Amino acid sequence: MTKRFVAVKLFAVYVETLAPRLLPYCVGLWFVRGLQTFLQLAWRRVVSQGEAGMLGLSFGVGLAYVLCILSTVLCVVWGLVNWNRGDEPIQEVKAEEKAQKTP
Amino acid sequence: MRALRVLASLSLMWLSCGLAFAQTVSTAVPPAEPSASTSTPAAAMTVNITKLDVISAVLYVLILGWLSWIAYRKSKTAEEYLVAGRDTHPFVMALSYGATFISTSAIVGFGGVAGSHGMSLLWLTFLNIFTGIFVAFAVLGAPIRRMGQHLKAHTFPELLGKRYDSKFVQVFAGALIFIFMPIYVAAVMLGGVKFLFIQFNINYAAGILIFGVIVAFYVIVGGLRGVMYTDAFQGLLMFVGMVVLLFYAYAAAGGFISAHQALGDLSDHISKDLRYGGIAGYTQMPMTGSPKWWWLVSSLVLGVGIGVLAQPQLAVRFMTVKSRKEINRACAIGGVFILAMTGTAFVVGALSNVYFHAKFNGKTAIDVALDRVTNKTDTELIIPTFIKQAMPAWFSTFFFLTLLSAAMSTLSSQFHTMGAAIGRDVYERLFRRGEAKADVWTRFITQVGIAVAVIVSLLLSWKYSEKPNAAVIARATSIFFALCASTFLPSLILGLFWRRMNRKAAIASMLVAFLFTAFWLTFMQKDTATALGVTTSMFGMDTAKSPPVPVRLTLVGRQPWPFIDALVFALPLSFIVAVAVALITKPMSEEHLNRCFPKTG
C-alpha cells in the first residue's frame, strides 16, 4: 500500500514538475533521431536506385523537400508544447506597476 | 484634424486611382488578334476585366478600408501607432509576420526563378521555415520582445540604439533602412504589377501607381495596428489561394510522384544559357561550383534565408505582443503558413514546365512567359502566365486577390518601417523638440516619410520594369536581405545574448559590414557591378573591338568570384569584428546592462 502510494506520488511529482521540462527535450530528441533515421534510409535508397530515388527527385532536392516538411513539424510541435508558457511579467515592469497602484 | 487627414488621404487615393485608371485605359496594350494562331502562348491569352474581378476588387478594398478604420480609432498615441499598443493577438501576429515576410517577390519573383531553374530553390523554403520561423520565434523572438518592452523601443533601430546607448547606431540603422529599403519595396511592387499585366493588361506604370497609393492610404491612416489587421486578413486569403494552387498544379501535372518524374524527364529541354550556367535539370541541384550554383546558394538561399532574421519590419512584430506566450503560439501557425506560401510557389513554378511542355508542343515555362510589349521572355511572368493558362477563371480572380494581398501586406509593413525609420529614428533622435510636441511631430514626419518612400519606390519599380528576364525581383530582394543580415545581425544577436557586447563593437561591426557590402556590390559582384558601371568607368572600354566592350566588368573576373554574394564574406567579417572589438574594449556599465537584461518572474 505504502509502495503504491509512493509510486503514485512520485508519478504525480513527475507529471507536475519534471514532465513539462523534459517534454521539449524528448520532442527535440525524437526530431533528431527521426531525421537521422530518415537520412540513413534516404541515403540507402539513393545508393540503390541512383539519382532519381527520392519522391521522384534527386537526393539534393528531395532532401530539401523533406526538410521543409520536417521543419514545419518542428515549428508546430514546439509551438504546441510551449502553447501556454511564457506569460511571466518582467520584474521591474511589475514593480513599476505596483508602485503606480500604491497611493 | 484627424478627420481632415483621413478625408485628405481618401481624396488622394481616389484621385490617384482615377488617374491610374485613365492611364490604363489610354495606354493599355491592345489584346491579341483573335485570328492569330492559338498555338503560341501570347496569342492564346485574352485580356479582359470581368464583373467578378471588379466586384471582388471593390469588396476587397472596402474590407481593407474598414479594418484600417478600426485600427485608426484604436491608434491615438505614438506607441499604438508604432508598435500596435503591444497587445496583439498571437493569430494576428503570426499571420501578419508571415504575410509581411512572403510577398509577390517570393511568389512571382522567386517562383519564376524556380520555373526556370527548377526545384533546388526548395532549400530556400527550408531556411525560410527553419531560420525565418523556428529560430526567429523560438530563439530571438522572446529576447527581442523583452528587451524592446523594457527599453521602451518602438522600432528596430531604436532597439539597437537603446541597447548600445548610442545615437549613432539608431540614426545609422534608421537612415540605412530609409535609403535602401526602396530596393526591396520596388521589387515587391513589380511582382504584383506583373500579374496585373498578364491578367488584366494593365500597364506597369498604372499598376505601380494603384498599388502604391492604396497601400500608402491605409498605412498612413491606421499605423502598425492597421497594417497588422489588414495583414491578418490578407494572410488568410494568401493561405487559401496557395493551398488550392498547389493541389491544382499537382493534379494538372498528373499526381505527386508522376509530376516530379515528368519534370525530371524535361532536363533535355533546358536552354543552352541555363545549361552553360550549371543547371542540369529541374529536379536536380545546379552543378556544384558553377555560376548558377553560387547565385542560387549564396544570393538566394543564404542571402534571403539568413537575411530574414535581421529584417526590421519583421523584428518589430515581436515587440507588438504582450508576452512570450503569444510568440510561442505564433510559431506553430507561422511554420505552416510559410510552408504553404514559399513551398507552393517554388513547387508550382517548377511544375509549370510539365504543363507548358504538354500544352505548347515541347516548350518550357521560360519559352512561354512572353512579355507582349517587348516580345521577350521574362522569368517573372511564369507564375502569372501559368495561373492565366492552367487555372479556371474563378481561380484567376481569387489568385489576383491572393497576390494583391501578398504585395500589399509586405508593402504596408515596408512603408511603415521606412516612415518610422525617418520619423522616429532619424528625425526624433537628431532634432527632438520638447517632450509634449515630440509625439505629434514624430507622427507627422513619419507620415511624410511614408509618402516620400512611396514616390521613390514607385520610380524605382518603374525602372525595374524596363529590365525583362533579369530576375530583377529575386536579385533586388536578396541584395536588401543580405545587406540587412551583414549590417544588423551581429549587433542584434550578440546584443541580445552577450552582456560583453558594447557600443564600439556594434558601431565597428555595422560600419565594416556596410562598407564591405558596398565595395563588393560595386566592384566584385557581376550583376550589380555591371548595373552600377563604376568598374567599367574606371578601366574604360576596349576600343580595339567593334563595337567597343568594357575592359573589365568586375575587379576579379575569374570564376567563381563574380557570382559569390557579398553576404558570404560580409557576415562572418562583421561577427569577427564585433567579437574582437568587444573583447578589447571596456564593457558597458552594469547599471545599463541591468536595464537591458531584466530578470523575469
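Two residues are in contact if their C-beta atoms, placed from the backbone, lie within 7 Å. The exercises below concern a predicted model.

**Exercise 1.** Determine how many residues of chain B are in contact with chain A, and which elements of chain B contribute to that side.

*Solution.* Applying the contact criterion across the two chains gives 38 residues of chain B in contact with 30 residues of chain A. Next, the elements of chain B that give two or more residues to this side are α7 (122-150), α11 and α15, and of these α7(B) gives the most, with 13 residues.

**Exercise 2.** Classify the packing of α11(B) against α15(B), and identify the residues that make the contact.

*Solution.* Helix α11 (residues 256-264) and helix α15 (residues 324-359) of chain B pack at an angle of about 75°, with their axes 9 Å apart. Because angles of 65 to 115 degrees count as roughly perpendicular, α11(B) is roughly perpendicular to α15(B). The contact is made by B:A259, B:A262 and B:L263 on the α11(B) side, and by B:A350, B:L351, B:N353 and B:V354 on the α15(B) side. By class, six of these residues are nonpolar, one is polar and none is charged.

**Exercise 3.** Classify the relative direction and the handedness of α9(B) and α18(B).

*Solution.* Helix α9 (residues 167-200) and helix α18 (residues 393-430) of chain B pack at about 160°, their axes lying 8 Å apart. Since angles over 145 degrees count as roughly antiparallel, α9(B) is roughly antiparallel to α18(B). Their crossing is left-handed, and the residues of the contact divide into 21 nonpolar, nine polar and three charged.

Technical notes
Residues are numbered from 1 along each chain as its sequence is written. Chains are lettered from A and ligands numbered from 1 in the order in which they are written. This is a predicted model: local features need pLDDT of at least 70, side-chain atom pairs count only at pLDDT 80 or more; totals for chains, interfaces and linings use all residues. Axes are lines fitted to C-alpha atoms, for helices over the stretch in contact, and angles run from 0 to 180 degrees between N-to-C directions. Helices (H or I, at least four residues) and strands (E, at least two) are DSSP runs, numbered from the N terminus. Angles under 35 degrees count as roughly parallel, over 145 as roughly antiparallel, 65 to 115 as roughly perpendicular and the rest as oblique. Ala, Val, Leu, Ile, Met, Phe, Trp, Tyr, Cys and Pro count as nonpolar, Asp, Glu, Lys and Arg as charged, and the others, Gly among them, as polar. A crossing is left-handed if the near helix is turned anticlockwise from the far one by less than a right angle, and right-handed if clockwise.
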